[in-house]
Amino acid sequence: MTFPTWALAGFWGLVSGSALLIGAAIGYYAHVQQRIIAAVMAFGSGVLISTLSLDLMEEAYKKGGLDSTALGFVGGAATYTLANWLLARQGAKHRKRSGEHQKVERAKVQEGQKEDTEPGDDNGMALAIGALLDGIPESIVIGLSMLAGGTVSLVAVVAIFLSNLPEGLSSSAGMKKAGRSARYVFLLWAGITLISGLASLIGYSVFSHFSQEVVAGTTAVAAGAVLAMIADTMIPEAFETAHNFTGLITVLGFLASFFLSKMGG
């Protein structure tokens, strides 16, 4: 039985997004050392950097040239940075962290010291929007990767899966420490996983009707947003725990993705 390409795009988006649920289950029910979370996040950062630099940007350049690629890349990074800054002010600053950040803020609120806390570190809606901000550009990338030949880039799926796993893991652990129920946590991540699948489906269905230049610009926008996300959230969180090993682990992730792309090519 042959499935339509748009359905496959949605399926692979769900596969990559399912790492959020898997990570959430591990983070909520198992005690995972911070160093392991940091290592996974650093490795996922390297995989994503390799994917966006060797695949996404190269594909955008071939289809749209340097001008549209550069404008899209910077525009995507600027848009993500602005949105991330606004969300940090509303409570999503520590959305990738499973350490004491959310727990401490919750304790301060309970002790009547809310005026001394950073705004909204226990804001579930801001956490959800922050996860969407991270995940939607990644999911659109999966849909866009299928426009060329109708087959998904497995390297992109693996890269996004690895980046989602530590986010679900660290954020759910932090939410548990902040007093959130299992029902709240899993409904939140299930919804975000579903939206990831829809974003991938839309990435294919909508942009299949546009010109190569528009697809190239959109690919570059997604790549810029993903790189800004890595620099703003993933690597700082990984470095906070892994310290001097962060660079080496990130390089290993880059190398793994590079090998996968060459084997797939």
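**Close-up views of a predicted helical protein**

**View 1. Leu 162 is a residue of helix α5.** Keep in mind as you look around that this model is predicted. Which residues does Leu 162 touch, once those up to four places away in sequence are set aside? They are Val 40, Phe 43, Gly 44 and Val 47. Look for Gly 46 as well: Leu 162 and Gly 46 are 116 residues apart along the chain, and their C-alpha atoms are separated by 9.9 Å.

**View 2. Here we follow helix α5 from one end to the other, residues 154-177.** Is this helix mostly covered or mostly uncovered? It is mostly covered, with 19 of its 24 residues buried.

**View 3. Stepping back, we see the whole protein as a set of eight helices, with zero strands.** Read along the sequence, the pattern is α-α-α-α-α-α-α-α. Of the protein's 265 residues, 46% count as buried. How much of the contact list comes from residues 24 or more positions apart? Among contacts with a separation of 6 or more, such pairs account for 88%.

**View 4. This view shows the largest nonpolar core, made of 30 residues.** Leu 48, Leu 52, Tyr 80, Val 226, Met 229, Ile 230 and Met 234 have the most contacts inside this core. Which helices each supply at least two of the core's residues? They are α2 (34-90), α4 (124-145), α5 (154-177) and α7 (212-242). Now find Ile 230: leaving out residues up to four places away in sequence, Ile 230 touches Ser 45, Leu 48, Ile 49, Leu 52, Ile 235 and Pro 236. Another core, of nine residues, lies apart from the largest one, and its members include Leu 20, Val 185, Trp 189 and Ile 192.

**View 5. Aromatic rings come into focus here, and the whole structure holds six aromatic pairs.** Take Tyr 29 and Phe 186: the ring centres are 5.8 Å apart and the planes meet at 10 degrees, so this pair is stacked. Tyr 29 belongs to helix α1 (residues 5-29) and Phe 186 to helix α6 (residues 182-207), so the pair ties together parts that are 157 residues apart in sequence. Is Tyr 29 buried or exposed? Its relative accessibility is 60%, so Tyr 29 counts as exposed. Compare the rings of Phe 207 and Phe 210, which have centres 5.7 Å apart and planes at 40 degrees, so this pair is tilted. Phe 207 is buried, with a relative accessible area of 18%, while Phe 210 counts as partly exposed, at 43% relative accessibility. Ring pairs also link Tyr 28, Tyr 29 and Phe 186 into a cluster.

**View 6. Two charged side chains can be seen lying over rings, starting with Lys 176 over the face of Tyr 28.** The distance from Lys 176 to the ring centre of Tyr 28 is 5.1 Å. Next, find Arg 180, whose charged end sits over the ring of Tyr 184, 4.5 Å from its centre.

**View 7. Glu 59 and Lys 63 form a salt bridge.** How many salt bridges are counted in this structure? The count comes to one. The closest N and O atoms of Glu 59 and Lys 63 are 3.5 Å apart. Both residues lie in helix α2, and they are four residues apart, about one turn of the helix. An α-helix has 3.6 residues a turn, so residues three or four places apart point the same way. Glu 59 is partly exposed, with a relative accessible area of 31%, whereas Lys 63 is buried, at 19%. Buried means under 20%, which is why Lys 63, at 19%, counts as buried.

**View 8. Our last stop is Gln 34, a residue of helix α2.** Gln 34 is partly exposed, with a relative accessible area of 28%.

Methods. Residues are numbered from 1 along each chain as its sequence is written. This is a predicted model: local features need pLDDT of at least 70, side-chain atom pairs count only at pLDDT 80 or more; totals for chains, interfaces and linings use all residues. Side-chain values use heavy atoms; hydrogens and water are left out. A nonpolar core is a set of buried Ala, Val, Leu, Ile, Met, Phe, Trp, Tyr and Cys residues joined through side-chain atoms within 4.5 Å. Buried means under 20% relative accessible area, exposed over 50%, partly exposed in between (1.4 Å probe, protein chains only). Contact means heavy atoms within 4.5 Å. Rings of Phe, Tyr and Trp (its six-membered ring) pair if their centres lie within 6.5 Å; planes under 30 degrees apart count as stacked, over 60 as edge-to-face and the rest as tilted. A charge sits over a ring if NZ of Lys or CZ of Arg is within 6 Å of the ring centre and within 35 degrees of the ring normal. A salt bridge is a side-chain nitrogen of Lys or Arg within 4 Å of a carboxyl oxygen of Asp or Glu.
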